[in-house]
Structures are given as C-alpha cells and as structure tokens.
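Subject: Structure for you to look at

Hello,

Here is the structure I promised. Please open it alongside this message, and my notes follow below.

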Amino acid sequence: MNRQTDPHKLTQASTPVGTHAGYMPGFGNDFETEALPGALPQGMNSPQRCNYGLYGEQLSGTAFTANPPERTWCYRIRPSVKHSHRYEKIDLPYWKSAPCVDPDVISLGQYRWDAVPHSDEGLTWLTGMHTMTTAGDVNTQVGMASHIYLVTESMVDDYFFSADSEMLVVPQEGRLRFATELGIIDLEPKEIAIIPRGLVYRVEVLEGPARGFVCENYGQKFELPGRGPIGANCMANPRDFKAPVAAFEDREVPSNVTVKWCGQFHTTKIDQSPLDVVAWHGNYAPYKYDLRTYCPVGAILFDHPDPSIFTVLTAPSGQPGTANIDFVLFRERWMVAEDTFRPPWYHKNIMSELMGNIYGQYDAKPQGFVPGGMSLHNMMLPHGPDREAFDKASNANLGPDKLDNTMSFMFETRFPQHLTAFAANEAPLQDDYIDCWTSLEKKFDGTPGKK
Ligand SMILES: [Fe+2]
C-alpha cells in the first residue's frame, strides 16, 4: 500500500474485542441481531413482506408514549397469536403475589432463614418457585415479591411468561439456561439476569440442583441508578450488561405456555415452540450481568456511606429518590476508614430490606447468615450488627482490611414485606435470630470519656 497516494485507507477491526460469544454489550442499547442472514429488515420496521416469510411483530415494554419508549421488533416464524389459545387456570401453590397478607402470619419482626434445602421432588422453574415475601399490589403494578427457586428439572415443551412482572434472577447454586424468544442466557452464581415482562421462555437445568433468589418487580423496569457526584465511572458499568443474540427453533410439537397474569396462573396448549424469533431489533430485551464486574465505591477516610452506594440497579416508583426496588450488592472490598465503626450501623428504615447470601460471610453478622440464606428487616424495624460484630469492630486495630469471600445482596423496597405461610411455617426460619442482639449490654454509667 502506498500511504502517500491512499491517505484515507483505514484498518478495520474484524471482531469486537472483549465481547462474550452469544451476547451483545451495553445497558438498554438499541440492539439488532439476526440468526439468519437478511432476516432483519433494514431501514424500516414493517415491510409489506418480510424476508423468509417471517411475520413482523412489536413487543412493547412501555406505553407507546413513554419517553423513551422501550420496544422490540421481532421477525418470527409465526405471530404470537399462534402461541396463545384458550386459557385454563392452574394452581402453583407456592408462587404467591401481592397482596398476600396471611392472617395467621406475623410479618412484624426481624427474620432470618437458613438455605431452603432441596427435596427429592422433581421441580421445574414453575413448580420450584417458592415465594418468601410480597409487597405492594400486583394489580396496580407497584411493589414486588421475593422468591427462592429450587430447580432440578428442565422445562420440556413447556414455556412461561409473566405479564405481571420483570424477573431479577440471582443464582446461588447450579447453572440454568433461559431459552427466550430473544435468545439464550446461560446463568451461574455471581451473575444475575433480568427477564422482561411478557417475554416467553423456558428454563433448562445445565447443572443441578439449582437454587437462587428472584425479585419479581411489579413496577417500572430496573434501570441504572443516578450516579450524582460519583460521575461516569465505577459501580455497574453499562458495557458489562449483556443481551443475547437472536436464536430460534422451528419445532412442531405439542407444547404448553403458562402465563402469570394478575397473580393467577393460566395455561394454553399450542402446537409448536414459541421460541421462533429469527431476528429482532430494539431496546426491550433480557440481559445478564456479572456481579464480579461491579466496582464498589466507599469511604476512603472516615465514616460509612448509606448502603445505596452499592446499588446495582434501581426500579423507580412515582416518587423521585424513593425506589420501588433497589438491588444492592455487598461484595469483596477494602475497608480503610480511620476511627470509624466500619460495619453497617444500627438503624431503622422506612424501606424494607430483604437480604440474601450468595457466598461467604457478611460483615455485620459473622454467624448465622449463611450462603443460600435470607434475612428480612421490615419497615421501621431496628437492626444492625450482632454482639460479636459490634465488639470486633469497636476494638479492631484499624489498618486497611480486605473484606474477602463475601457476596450478599439486598432487595430493598419502599413497601412493607409480608411473609408467606411458606416463609413462616415451612422454610428453615431461625427462631433465635432476634437473640443476636440480646447480649448487647448497657455501657453508659454517666462517666465522661468512657468508651
Ligand atoms: Fe438495614
């Protein structure tokens, strides 16, 4: 090449660097992807005839007039009306929706559970979903539910969508595959996935048994939190969110589609797989995120920020600054603050806090909050470090200290959370949790300078 006579010749990359095979990077991007060449119309959404004889169809995740609208155009073998027939109600007795206030259950209290054990029963994503708490009202699209899933069997010719909710999935054990209309997400512990409202999928077990947590968000979609003075970097970076590339199957077998709609479950029989979207473009899609890419920001001289500093995703409510749900991550990090009580302080909160442990040990509770376990500190109920954590943090020599081998999270909602009968009576509730603060003694005797 003669550089002098061809000064504008550019060298073009052939492969995107660092992207994961099968996924497209970015949060809320307007993606486009096709599983067959030429399946995606260019320059328009609704041509008179789509390539390959596909049907064009829009999936709207927001009102048409929302700003910005979230929608995806799908080009599929059959339109969705062919994947929906007459419905009959079915019962999934362990999957509850708000409002679900059991008169025989006391939700007022501080609660903690060990990991819910697996049983010999074969359970799918649907039958293995066990609701722990509900908050708000699914019919008015506010609030949430928290669930534990115990999954040992793949869904076969069985599909599901929730019209009620966006599902935030937090695996703790095992590996799952979410085969969705818009592509495949493989998920393992230390990752999370978001499955949007209305998206059809089946869940397969890649490595079982699988256990994890789900936050079912009845309200506005999760988004990245405002960063304020933190600026453009750290916390969850948009490039680390991954949406799947298009994937489809052309399989004509009797199949069931189960639909969660206004807290009730219905099933419909169809003659083929509904996972038949050959190409799509838009900004309403499932995605996953690796929690190990979360860059925590914290105190670097003294004191302790609010836990909101660790927000990964937030689902807004109608009230600015007050989330329907915050998803907050407590992961490995350095503690360096001087002359500071470093664990989370004692407090009461108008928001209600449901925590889960993915692995390791949580700094405010060295004992008892185990991987797979959960805790609930409900609206305006006091909580904080147990006696051991208090003593240790009050007397530690404060050098730089790495909190290692720890990953817990919180589903924090503005609404009080109500325990299900399963959470109160069947799940392994720790009856003595409230006693973890009993041995905190009065130290005050009026002597100045005493610590
Ligand atoms: Fe708290």
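Q141 sits in the loop between strand 7 (129-137) and strand 8 (142-151). Its phi is near 60°, a positive value in a residue other than glycine. Q141 counts as partly exposed because its relative accessibility is 45%. Bear in mind throughout that this is a predicted model.

C262 also has a positive phi, near 55°, and is not a glycine. Look for C262 in the loop between strand 15 (255-261) and strand 16. At 32% relative accessibility, C262 counts as partly exposed. As background, most residues other than glycine have a negative phi, and most peptide bonds are trans.

Next, the cis bonds. The peptide bond from A98 to P99 is cis, with omega near 0°. P99 is in the loop between strand 5 (88-90) and strand 6 (110-113). Another cis bond joins G208 and P209, with omega about -5°. P209 is part of strand 13 (residues 201-217).

H347 and E353 are both buried.

On to charge pairs. Side chains of opposite charge can pair when their charged atoms come close. The structure holds 23 salt bridges. In one of them, R76 meets E57 at 3.6 Å, N to O. R76 lies in strand 4 (residues 71-76) and E57 in strand 3 (residues 55-60), so this pair ties together parts that are 19 residues apart in sequence. Both R76 and E57 are buried.

R76 also forms a salt bridge with D276, at 3.0 Å, N to O. D276 lies in the loop between strand 16 (264-270) and strand 17 (277-282), while R76 is in strand 4, so the pair ties together parts that are 200 residues apart in sequence. D276 is buried, as is R76.

R387 pairs with E441, with the closest N and O atoms 3.2 Å apart. This bridge links distant parts of the chain: R387 is in helix 1 (residues 387-395), E441 is in the segment after helix 2 (421-426), and they are 54 residues apart. R387 is partly exposed, with a relative accessible area of 25%. E441 counts as partly exposed at 44% relative accessibility.

There is also a network of salt bridges. It links D157, R202, E204, E249 and R251.

How far is D326 from the nearest side chain of opposite charge? That side chain is R414, and it is 10 Å away. D326 is buried yet has no salt bridge, because a salt bridge needs a nitrogen and a carboxyl oxygen within 4 Å. D326 lies in strand 20 (residues 323-335). Its side chain does make a polar contact with the side chain of T314, at 2.5 Å. Beyond its neighbours within four places in sequence, D326 is in contact with T311, L313, T314, M410, F411 and E412.

Best wishes

Definitions and conventions
Residues are numbered from 1 along each chain as its sequence is written. This is a predicted model: local features need pLDDT of at least 70, side-chain atom pairs count only at pLDDT 80 or more; totals for chains, interfaces and linings use all residues. Side-chain values use heavy atoms; hydrogens and water are left out. Helices (H or I, at least four residues) and strands (E, at least two) are DSSP runs, numbered from the N terminus. Buried means under 20% relative accessible area, exposed over 50%, partly exposed in between (1.4 Å probe, protein chains only). Lys and Arg count as positive and Asp and Glu as negative; His and the chain ends are not counted. A polar contact is a pair of N or O atoms within 3.5 Å; within protein, one must be able to donate a hydrogen and the other to accept it, and residues adjacent in sequence count only if both atoms are side-chain atoms. Contact means heavy atoms within 4.5 Å.
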